[in-house]
Amino acid sequence: MLPSAPRDPEAVKGVMFGLTAYTMWGCFPLFFALFDGIPAFEILIHRILWSCLFLVGLISVLRHWPPVVAALVEPRRLGRVLACALLIAFNWGIYIYAVESKQVLQASLGYFLTPLVNVALGMLVLREVMARLQLVALGLASLAIAVQFVMLGELPWISLLLALSFGSYGLFRKQVPLDGLSGLFVETLLLFPLALMALSWMSWQGTSHFLHDVPMSALLVVSGILTALPLMAFAGAARRLRLATLGFLMYINPSIQFLIALTVFGEPLGLIQLVTFLMIWTGLALYSWSSWQSRPRQAAA
């Protein structure tokens with residue numbers, strides 16, 4: 001007992017960082033719902049631009065430039081980082097579109113699906129051996145999507161795109177030797193020229209909403225800062241907690257989104273959708289139990 005005591009304060013900090021990150025992500029629908037009349041593509045552009053500029057200031061204050069410079073001077077690293085950047089930008093764009101089109105339930109389903117997509121990618125791409133319960137969980141998720149397709153005649157494409165893009169992002173991100181803050185900055189830096197060209201083109205066409213309305217322009221700037229803050233909190237949690245603990249905390253995000261969709265936005269939850277969610281939740285419970293059972297038998301951090 002005594003040797004593990006000094007780690008307890010760090011574990012508490014890690015849990016607090018994790019709760020902060022996932023709660024902020026879970027509440028994002030309330031923020032992006034404020035952008036009434038602004039296309040998702042334009043919000044995405046500003047999210048990239050202002051998060052990059054905010055990270056420049058943050059990295060300068062923290063004097064965290066060495067790993068960034070090391071990554072930029074080795075072009076061989078940048079291929080996977082660019083793939084990460086494009087995947088996370090695509091994920092952000094689909095998520096903003098889901099909120100604007102009042103399909104937050106589909107968004108929450110996508111993030112519930114993400115851990116199971118990670119299992120599938122690990123098995124198919126990395127040739128990882130899956131535990132039996134994890135395979136059952138993956139089968140339940142696949143069956144849930146099939147049920148929704150057969151009964152409703154359409155795939156939950158927003159959910160699938162969010163889960164696949166974020167799961168693929170995680171797959172590539174594991175192969176990039178950069179910490180969370182440096183990795184996020186290099187990703188946004190690679191996208192910065194494209195976002196700047198897109199904003200210039202929209203301004204030239206007269207379709208940009210930036211600087212036309214002060215409160216809305218302020219919200220566009222804040223979107224970039226809010227992109228970086230939960231990722232920083234997540235990085236703080238990841239350094240202090242075991243992966244299994246982070247996995248349990250992760251469900252806070254889609255759970256909050258699910259509740260917001262029902263109670264704030266009043267989205268309807270049909271019987272087939274409810275059955276789909278129940279099957280996914282059962283799969284996640286099996287997946288979490290399997291992960292917990294296979295954890296290292298040592299003092300928790």
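Residues are numbered from 1 along each chain as its sequence is written, and side-chain values use heavy atoms, with hydrogens and water left out. Because the model is predicted, local features need pLDDT of at least 70 and side-chain atom pairs count only at pLDDT 80 or more, whereas totals for chains, interfaces and linings use all residues.

Helices, here DSSP runs of H or I with at least four residues, are numbered from the N terminus. Two packed helices are described by the angle between their axes and the distance between the axes; each axis is a line fitted to C-alpha atoms over the stretch in contact, and angles run from 0 to 180 degrees between N-to-C directions. Helix α3 (residues 65-72) packs against helix α8 (residues 180-205) at an angle of about 45°, with the axes 9 Å apart. The two helices α3 and α8 are therefore oblique to each other, a class left over once angles under 35 degrees are taken as roughly parallel, over 145 as roughly antiparallel and 65 to 115 as roughly perpendicular. The crossing of α3 past α8 is right-handed, that is, the near helix is turned clockwise from the far one by less than a right angle. Contact, defined as heavy atoms within 4.5 Å, is made by W65, P67, V68, A71 and L72 of α3 together with S182, F185, V186 and L189 of α8. By class, this contact of α3 with α8 has eight nonpolar residues, one polar residue and no charged residues, where Ala, Val, Leu, Ile, Met, Phe, Trp, Tyr, Cys and Pro count as nonpolar, Asp, Glu, Lys and Arg as charged, and the others, Gly among them, as polar.

Helix α8 also contains E187, which counts as buried at 2% relative accessibility; buried means under 20% relative accessible area, exposed over 50% and partly exposed in between, with a 1.4 Å probe and protein chains only. When residues up to four places away in sequence are not counted, E187 touches V81, C84, A85, I88, Y169 and R173.

Helix α4 (residues 75-100) comprises 26 residues and reaches 37 Å from its first C-alpha to its last, close to the 38 Å expected at 1.5 Å a residue, the expected span being 1.5 Å times one less than the number of residues. The axes of α4 and helix α5 (residues 104-124) come within 7 Å and cross at roughly 145°. On the α4 side the contact involves N91, Y95, A98 and V99, and on the α5 side V104, A107 and Y111; these residues divide into six nonpolar, one polar and no charged. In the loop between α4 and α5, K102 has a positive phi of about 60° although it is not a glycine, and K102 is exposed, with a relative accessible area of 61%. A positive phi, near 55°, is also found for R63, a residue other than glycine, in the loop between α2 (40-62) and α3; R63 counts as exposed at 73% relative accessibility.

H209, in the loop between α8 and α9 (214-240), is partly exposed at 29% relative accessibility, and its C-alpha lies 9.7 Å from that of I43, 166 residues apart in sequence. L133 of helix α6 (residues 132-152) is partly exposed, with a relative accessible area of 31%, and its C-alpha is separated by 9.3 Å from that of S288, 155 residues apart along the chain.
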